[in-house]
Amino acid sequence: MSEQSRRGHKPAKPYRRPKKDPVRILAFEALRAVDERDAYANLVLPPLLRKAREKDDFDARDAALATELVYGTLRRQGTYDAVIAACVDRPLREVDPPVLDVLSLGAHQLLGTRIPTHAAVSATVELARVVLGDGRAKFVNAVLRKIAQNDLDGWIEKVAPPYDEDPEDHLAVVHSHPRWVVSALWDSLGGGRAGIEELLAADNERPRVTLVARPGRATSQELLREEAAEAGRWSPYAVRLAEGGEPGAVEAVREGRAGVQDEGSQLVALALANAPLEGPDTKWLDGCAGPGGKAALLGALAAERGATLLASEKQPHRAGLVAKALAGNPGPYQVIAADGTRPPWRPGSFDRVLVDVPCTGLGALRRRPEARWRRRPEDLDNFAPLQRALLRTALDSVRVGGVVGYATCSPHLAETRVVVADVLKQYPDAELVDARPLLPGVPALGDGPDIQLWPHVHGTDAMYLALIRRTAG
C-alpha cells in the first residue's frame with residue numbers, strides 16, 4: 001500500500017486536456033466579435049465558416065449547427081439573460097462578457113434546441129475549459145445545471161412578469177426584444193395582442209435567403225433550377241433558396257446577374273417603377289443607393305424603358321459596392337459618391353427618385369438579430385434630421401409630375417409617417433400617391449396611401465414606402 005493511501009488521501013486525478021470542439025469554438029468566436037467589435041453576425045460568420053470548411057473535419061452539418069448556435073443565441077439573448085440572471089448570485093453586468101457568451105450558448109442548447117441535456121452541459125463546459133480556463137468552467141457548469149432544471153416554458157413562467165400586470169415587459173422577455181422596441185412595433189401595428197405576438201415571433205425565425213433575378217440579365221426560371229428553390233410570393237423576380245442555401249454557389253449570383261435581396265426591398269423598387277407619371281420617363285435617381293440592391297433592380301427596370309439611372313451614395317466604399325452591383329447593367333447608368341443632402345445635380349432633374357433613408361433597421365431584425373440590442377430610443381433623434389433632409393432633397397430633385405419614393409427598413413412611426421407628414425407641410429405642391437394598387441396581389445398593405453410590409457404577414461422585412469408626386473413648380 002502506498003504512503004498516500006495509508007494516510008487516507010485519494011490519488012490526485014491526472015490532468016485531462018479539454019477537448020476542442022471546432023463547432024462551438026467557432027460559435028463562441030463569432031459571438032465575441034459581435035460583442036467586442038459591434039460586428040454583425042451575417043458579416044462575421046461566413047468567413048469563419050469558409051475557413052473552417054477548409055479543414056477536413058468540418059462539414060455541412062457542422063456549419064449548420066454553428067450557424068444555429070450563433071443566430072439562435074443572439075435572437076433569444078433577452079430571454080436567456082433573464083434565465084441566467086435567475087441562476088447567478090450577482091448582477092449580469094458583473095459577469096465577464098466571455099463567460100456570459102458561453103453561458104448563453106449553453107442556455108440556447110438547453111432551452112432552444114433538441115440537443116440532449118447531458119450533451120449540452122458537457123459540451124459547453126468543455127468549451128469553457130478551452131476558452132475560459134478550468135476555474136470559470138466550474139462556474140459555468142454550476143449555472144448550466146440550474147438552467148437545466150426547467151424547460152423554456154417553465155423558465156418563462158418564472159422570469160417573465162404576467163401579461164395582465166405588464167404586457168410590454170412580458171412580451172419583451174417571452175419574445176426577446178427590448179421593451180422600447182416592443183412598444184414601438186405595437187404602436188405601428190395599431191394595437192391588439194395577436195398581431196404583436198405574431199410579429200415578435202416572426203422576428204425570431206431565421207428567414208430563407210431570397211434572390212432577385214435582375215431583368216435583362218437573369219430570369220426567375222433560371223434561379224428556380226437551383227435545388228429546392230421556390231418562387232417568391234409577390235415579386236416576379238424573387239426566388240427563395242432552400243433553407244441553408246448558399247447564394248455564392250449560384251452561378252447567376254457569382255456573375256452579378258442576380259443578387260441577394262429581400263422581397264420587401266424588391267417590392268419597394270417595383271412600386272416606384274410602376275407609379276404613373278405625367279410627362280417623360282427617362283431619368284431616375286437612387287439618392288441613398290448603398291449597398292446597391294435596389295439600385296441594381298431599378299437600373300435594370302430603367303434599362304427596359306430606355307431610362308438612365310443615377311445612383312448616389314455618400315460613403316465612397318459603399319458607392320463602390322453600388323458600382324459592383326450595377327456592373328453589367330443592360331442600360332446606361334452612373335454611380336457617384338455624393339452627399340444626398342447637398343446634391344451636385346440641379347433641382348427638378350429627375351422623373352423618378354428613390355430615397356431609402358438610413359434608419360434604425362427595426363424592420364430587419366430577422367436578418368440582424370443583434371441590432372435589437374444595440375439600438376436605443378435616442379437613435380431616433382439622431383436619424384430624424386437626416387431623414388427629413390433627404391426627403392426634402394428628393395422632392396427638390398424631382399420635376400413637376402414626377403414621383404418620389406420615401407422608404408425605410410423600419411416600421412417605427414417616427415421614421416415613417418411622421419417624417420412624411422412633417423416634410424409635406426413644407427411642400428404644398430406635393431401630394432401622396434396611393435401606392436397599394438401598384439403591388440397587385442399583395443394583401444394587407446395598410447390603410448394607405450402609403451405601404452407597410454410585415455414579416456408575419458408578407459414574409460418580408462418590415463419595409464415602409466410612401467410615394468409622393470410633385471404637382472406644381
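Contact, as used here, means heavy atoms within 4.5 Å. Helices (H or I, at least four residues) and strands (E, at least two) are DSSP runs, numbered from the N terminus. The structure is a predicted model, in which local features need pLDDT of at least 70 and side-chain atom pairs count only at pLDDT 80 or more, while totals for chains, interfaces and linings use all residues. Residues are numbered from 1 along each chain as its sequence is written, and side-chain values use heavy atoms, with hydrogens and water left out.

## Helix packing

Val99, Val102, Leu103, Gly106, Ala107, Leu110 and Leu111 in H6 are in contact with Arg136, Phe139, Val140, Val143, Leu144 and Ile147 in H8. Eleven of the residues in the contact of H6 with H8 are nonpolar, one is polar and one is charged. In this classification Ala, Val, Leu, Ile, Met, Phe, Trp, Tyr, Cys and Pro count as nonpolar, Asp, Glu, Lys and Arg as charged, and the others, Gly among them, as polar.

The table gives the geometry of both pairs; axes are lines fitted to C-alpha atoms, for helices over the stretch in contact, and angles run from 0 to 180 degrees between N-to-C directions.

| Helix pair | Angle | Axis separation |
|---|---|---|
| H6 (residues 97-112) and H8 (residues 134-147) | about 30° | 10 Å |
| H19 (residues 378-397) and H20 (residues 417-424) | about 50° | 10 Å |

Angles under 35 degrees count as roughly parallel, over 145 as roughly antiparallel, 65 to 115 as roughly perpendicular and the rest as oblique. H6 and H8 are therefore roughly parallel to each other, and H19 and H20 are therefore oblique to each other. H6 passes H8 in a right-handed crossing. A crossing is left-handed if the near helix is turned anticlockwise from the far one by less than a right angle, and right-handed if clockwise.

The crossing of H19 and H20 is right-handed. On the H19 side the contact involves Gln387, Arg388, Leu391, Arg392 and Leu395, and on the H20 side Val418, Val419, Val420, Asp422, Val423 and Leu424. The classes in the contact of H19 with H20 are seven nonpolar, one polar and three charged residues.

## Annotated sites

UniProt positions are given in the numbering used here, feature names are shortened, and annotations may be inferred rather than shown by experiment. In the unreviewed UniProt entry, the annotation "binding site" covers Cys288, Ala289, Gly290, Pro291, Gly292, Gly293, Lys294, Glu313, Asp339 and Asp356. For accessibility, buried means under 20% relative accessible area, exposed over 50%, and partly exposed in between (1.4 Å probe, protein chains only).

Gly292 belongs to the loop between strand E5 (283-286) and helix H16 (293-304). Gly292 counts as buried because its relative accessibility is 0%. Apart from neighbours within four places in sequence, Gly292 is in contact with Val322 and Ala325. Gly293 lies in helix H16 and is partly exposed, with a relative accessible area of 22%.

The annotation "active site" of the unreviewed UniProt entry covers Cys409. Cys409 sits in the loop between strand E9 (398-408) and H20. With 16% relative accessibility, Cys409 counts as buried. Leaving aside neighbours within four places in sequence, its contacts are Asp356, Cys359, Gly361, Leu362, Gly363, Ala364, Asp461, Ala462 and Met463.

Ala462 is placed in the loop between helix H21 (455-458) and strand E12 (464-470), and at 3% relative accessibility it counts as buried. With neighbours within four places in sequence left out, Ala462 is in contact with Gly363, Thr408, Cys409, Ser410, Pro411, Gln452, Leu453, Trp454 and Pro455. Ala462 and Ile147 are 315 residues apart in sequence and 34 Å apart in space, C-alpha to C-alpha.

## Backbone geometry

Most residues other than glycine have a negative phi, and most peptide bonds are trans. Gly290 and Pro291 are joined by a cis peptide bond with omega of about 0°; Pro291 is in the loop between E5 and H16. The bond from Gly448 to Pro449 is also cis, with omega near -5°, and Pro449 lies in the loop between strand E10 (430-433) and strand E11 (451-452).

Ser176, which is not a glycine, has a positive phi of about 55°. Ser176 is in the loop between helix H10 (167-175) and helix H11 (179-189) and, at 0% relative accessibility, counts as buried. Ala228 has a positive phi near 60° and lies in the loop between helix H13 (220-223) and strand E2 (230-231).
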